[in-house]
Amino acid sequence: MARIVLPVILLLGLSALAQTCQVRYTPPDYPELPVGPPQVRLTLSPSVVTANGAVVQVSATTTAPGATAWVRVRWQGGQLATRDAPYPGYAPLLSPNPVQGCPTVTASTRAIAGPGDNGMHAFLAEAYAYWKEWRTDWSCRYRDSEGNEYTTTVTTGGEAPGSPYYACAYLRGYWQVNSGVVSATERLPVYVSWERALDYDGVYQEFATRLLEDHKRAGGSMLAYAFAKEVPEPVRGAMKQVAQGYFYDCNWLGICQRADPAGEIKYLTDVPSALTDLVATGRLCGGFITFCFGERNARVSDIGPKVEIKTFLMVKGWRHDYLLMDRLIPRKYYDPADPYYPGVPEDERQQVLQGCQVYKDTEEGRRCVALVETPTGIVPTLKTLLMIDPLFRRGRQYP
């Protein structure tokens with residue numbers, strides 16, 4: 001008996017999923033139907049995701065529920081920071097099959113996770129609806145290319161026919177039922193701050209990975225500017241690769257993907273000797289028969305006076321920009337064993353430490369790192385506001 005009941009339940013579930021509403025309309029005026037196609041409304045709640053683990057409610061309905069046969073919603077994919085979703089191994093935000101209801105539908109996404117879901121996601125709502133349109137028939141004359149005159153019936157939306165018809169006479173007016181799919185799209189920005197979930201070294205490791213993945217798409221459009229005394233590993237190694245360009249994913253024939261050097265990298269510093277190995281000029285060359293590609297343009301400028309922070313790195317990526325700041329807090333603010341600790345006012349100490357969420361204690365002091373990922377294209381603006389080019393020209397440049 002159980003073997004018979006289970007298939008029946010499955011069939012009932014499938015039929016419920018694919019149900020269509022009964023739409024009422026009666027001639028001649030079709031009072032139940034709207035004039036013209038109705039609209040489908042798609043809402044996302046919340047409309048912006050900034051919290052890890054958030055679940056988004058996706059709802060859709062039409063402006064004429066009584067004239068709607070079905071409504072469905074689906075996730076169309078996402079434009080993420082380093083690639084487009086879905087890709088192998090990426091779990092869709094909604095089931096790949098449309099979620100269907102009658103005449104409205106509500107669905108929930110899976111839990112949003114940063115940074116893997118960060119980007120812009122697209123949702124689509126579709127509805128099959130009925131509506132009425134006013135039609136008028138006209139008896140008109142027209143001539144063909146040889147000058148022969150004919151009489152024909154022309155249907156319009158109420159207006160009199162124009163050229164090439166003439167001598168038109170009104171015949172009748174009537175309502176006509178039409179049906180079809182109407183749709184609406186909404187975009188969901190997802191920008192979950194993820195660096196606070198990592199420790200100091202984890203932030204640098206994740207940023208270095210994302211930097212190289214981003215550069216594979218950005219290539220020569222990537223730009224980077226820094227006020228820096230140093231660039232810690234592994235971001236240092238990533239920035240060196242970004243400056244030089246590289247080949248990757250080579251097949252057995254030796255045919256590789258190419259990541260061109262970044263379009264421009266400028267380091268402003270007071271210790272150029274610590275950064276000169278990061279610069280590169282010339283071109284990216286490679287292959288069995290040597291071919292050269294994009295220009296390398298990474299330079300250091302000794303600007304003096306001393307740069308107060310350890311690293312302030314701004315990177316314009318493919319779809320996102322990144323701001324990385326690494327600063328040093330002296331021991332007198334957090335180490336009771338330091339001789340100057342008692343002399344620091346408590347309110348000043350708390351103010352300094354509250355801004356340090358991700359850190360590592362070292363012999364020289366507490367190293368604090370902050371990383372911001374933004375889709376707003378902020379780096380070109382900061383380049384102007386921080387006067388990167390004037391300061392760079394004022395200093396001594398290497399090479």
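A residue is called buried when its relative accessible area is under 20%, and exposed when that area is over 50%. The model described here is predicted.

**Overall form**

The protein contains 6 helices and 20 strands. Its radius of gyration is 32 Å, whereas a compact globule of 399 residues would have one near 21 Å. Along the principal axes, the C-alpha atoms occupy a box of roughly 100 × 70 × 50 Å. Of the 399 residues, 39% are buried. Among contacts with a separation of 6 or more, 73% are between residues 24 or more positions apart.

**Helix H3**

Helix H3 spans residues 235–244, and its buried residues are Val-235, Arg-236, Ala-238, Met-239, Val-242 and Ala-243. Viewed down the axis of H3, these buried residues fall within an arc of 160°, and therefore they line one face of the helix. An α-helix has 3.6 residues a turn, so residues three or four places apart point the same way. After H3 comes Gly-245, which has a positive phi, near 80°.

**Backbone features**

Most residues other than glycine have a negative phi, and most peptide bonds are trans.

| Site | Feature | Value |
|---|---|---|
| Ala-85 and Pro-86 | cis peptide bond | omega about 5° |
| Ser-163 and Pro-164 | cis peptide bond | omega about 15° |
| Tyr-30 | positive phi | about 45° |
| Ala-167 | positive phi | near 55° |

Pro-86 is located in the loop between strand S4 (84–85) and strand S5 (99–101). Pro-164 belongs to the loop between strand S8 (149–156) and strand S9 (166–190).

Is Tyr-30 buried or exposed? Tyr-30, which lies in the loop between helix H1 (2–17) and strand S1 (40–45), has a relative accessible area of 14% and is therefore buried. Ala-167, by contrast, is part of strand S9. Because its relative accessibility is 54%, Ala-167 counts as exposed.

Methods:
Residues are numbered from 1 along each chain as its sequence is written. This is a predicted model: local features need pLDDT of at least 70, side-chain atom pairs count only at pLDDT 80 or more; totals for chains, interfaces and linings use all residues. Side-chain values use heavy atoms; hydrogens and water are left out. Helices (H or I, at least four residues) and strands (E, at least two) are DSSP runs, numbered from the N terminus. The radius of gyration is taken over C-alpha atoms; the globule rule is 2.2 Å times the number of residues to the power 0.38. Buried means under 20% relative accessible area, exposed over 50%, partly exposed in between (1.4 Å probe, protein chains only). Contact means heavy atoms within 4.5 Å. The arc is that of the directions from the helix axis to the C-beta atoms.
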